[in-house]
Amino acid sequence: MTLESAIFLITFSFCHVFFPGHPTPLLLTTGGMGMKKAWQFTLGMAIAHGLLMALALGVGQFFLKMLMTAWPGGKFWLSHVDIPILLILGLFLLREAFRRGGEVERAAKMLDPKHPFLTGAAIGFIPCPDTIGYAMIGGAMGMHGLAHMITATSIVFFGTALGFCSVTAVAAFMPKLVKSPKLGPAICLVTALICFANVTWRTWNTWNDWA
C-alpha cells in the first residue's frame, strides 16, 4: 500500500464520522447520561462501526465483481443510494428538532440505557450511506494479498474509532453545553440542514451528469 492510499483511508475514515447522522447519537447520549456510560456507549459504537466499515472495504472488490456480472447498471444506482437515505434522515431529524420539550425530555431518558456498550454496538452496526462508499473504495483499490487487506482494513477501523472517540472527548470538555435541553433540537436541526444541503449538491451533480 502506498503512503497516499494510507493517508486517504485514515482521513476519510476519521472525517466520515462527522458526516450527517454519525455524531448526533453520540452528542445526544453524552448529554443524557454520565461520562462513564457515555464512553462505554462510544466505545461500543466505535468498535462496531469500525468493524462494519473495515468489512465493507475488505469485501468491496468481490461484491463489485459479482454485482457487475449480475447487474451491469447496479454500480451506478448503488453509488447514488445515499441521496434518498439522506433525504429521509433529514426529514426525520427536522421533525425531531421541532418536537415539544416534553417529548425531547422523554427521548433523553431513553438515551440512558442499562447496557451502554451493547446499545452503542447495536447502533454502530447499522450501515450508513458511506458503507457503499467503502465497498467501492475497496473495489477501486484492488487489494492484492492478505497483508494488503489487513493493513487497509486496520487503518479504516482505527480511523473510524478515533473519529467517534474525538466527538465524545470534545463533549467531555463542554459538560454544560452537552447537558443543555436545547442541545438535542439544535443538533437535529443543524444535521438536518447538512443532510438537505448534501442531497441538493448530490442531486445537482447527478442531474448534470445525466444531462
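1. Surface and basis. The protein chain exposes about 11900 Å², of which carbon and sulfur atoms supply 75%; accessible areas come from the Shrake-Rupley method with a 1.4 Å probe, and for residues only the protein chains shown count as cover. This is a predicted model, in which local features need pLDDT of at least 70 and side-chain atom pairs count only at pLDDT 80 or more, while totals for chains, interfaces and linings use all residues. Residues are numbered from 1 along each chain as its sequence is written, and side-chain values use heavy atoms, with hydrogens and water left out.

2. Overall make-up. The protein chain contains eleven helices and zero strands; helices (H or I, at least four residues) and strands (E, at least two) are DSSP runs numbered from the N terminus. Of the 211 residues in the protein chain, 40% are buried. Buried means under 20% relative accessible area, exposed over 50%, and partly exposed in between (1.4 Å probe, protein chains only). Among the contacts in the protein chain with a separation of 6 or more, 88% come from residues 24 or more positions apart, a contact being heavy atoms within 4.5 Å.

3. Nonpolar cores. A nonpolar core is a set of buried Ala, Val, Leu, Ile, Met, Phe, Trp, Tyr and Cys residues joined through side-chain atoms within 4.5 Å. The largest has twelve residues: Ala6, Leu9, Leu52, Met53, Ala56, Leu57, Cys128, Tyr134, Ile137, Ala152, Ile155 and Val156. Two or more residues of this core come from each of helix H1 (3–15), helix H3 (35–70), helix H8 (130–141) and helix H9 (146–172). The greatest share is that of H3, with four residues. Another core, of nine residues, lies apart from it and includes Met33, Phe41, Ala46 and Val167. In soluble globular proteins, nonpolar side chains tend to be buried together.

4. Where is His49 placed? His49 belongs to helix H3 and is buried, at 3% relative accessible area. Its contacts, not counting residues up to four places away in sequence, are His16, His22, Gly124, Ile126, Cys128, Thr160 and Phe164. His22 lies in the loop between H1 and helix H2 (23–32) and is buried at 5%. With the same exclusion of residues up to four places away, His22 touches His16, Val17, Met45, His49, Cys128, Asp130 and Phe164. Along the chain His22 and His49 are 27 residues apart, and their C-alpha atoms are separated by 9.9 Å.

5. Aromatic pairs. Rings of Phe, Tyr and Trp (its six-membered ring) pair if their centres lie within 6.5 Å; planes under 30 degrees apart count as stacked, over 60 as edge-to-face and the rest as tilted. The count by this rule is two. Phe8 and Phe12 are stacked, at 5.9 Å centre to centre with 20° between the planes. Both lie in helix H1, four residues apart, about one turn of the helix. Phe157 and Phe158 are edge-to-face, at 5.2 Å centre to centre with 75° between the planes. Phe157 is buried at 18%, whereas Phe158 is exposed at 55%.

6. Helix H7. In helix H7 (residues 116–124), the buried residues include Pro116, Gly120, Ala121 and Gly124. Seen down the axis of H7, its buried residues fall within an arc of 135°, so they line one face of the helix; the arc is that of the directions from the helix axis to the C-beta atoms. Leu118 and Ala122, on the other side of H7, are exposed.
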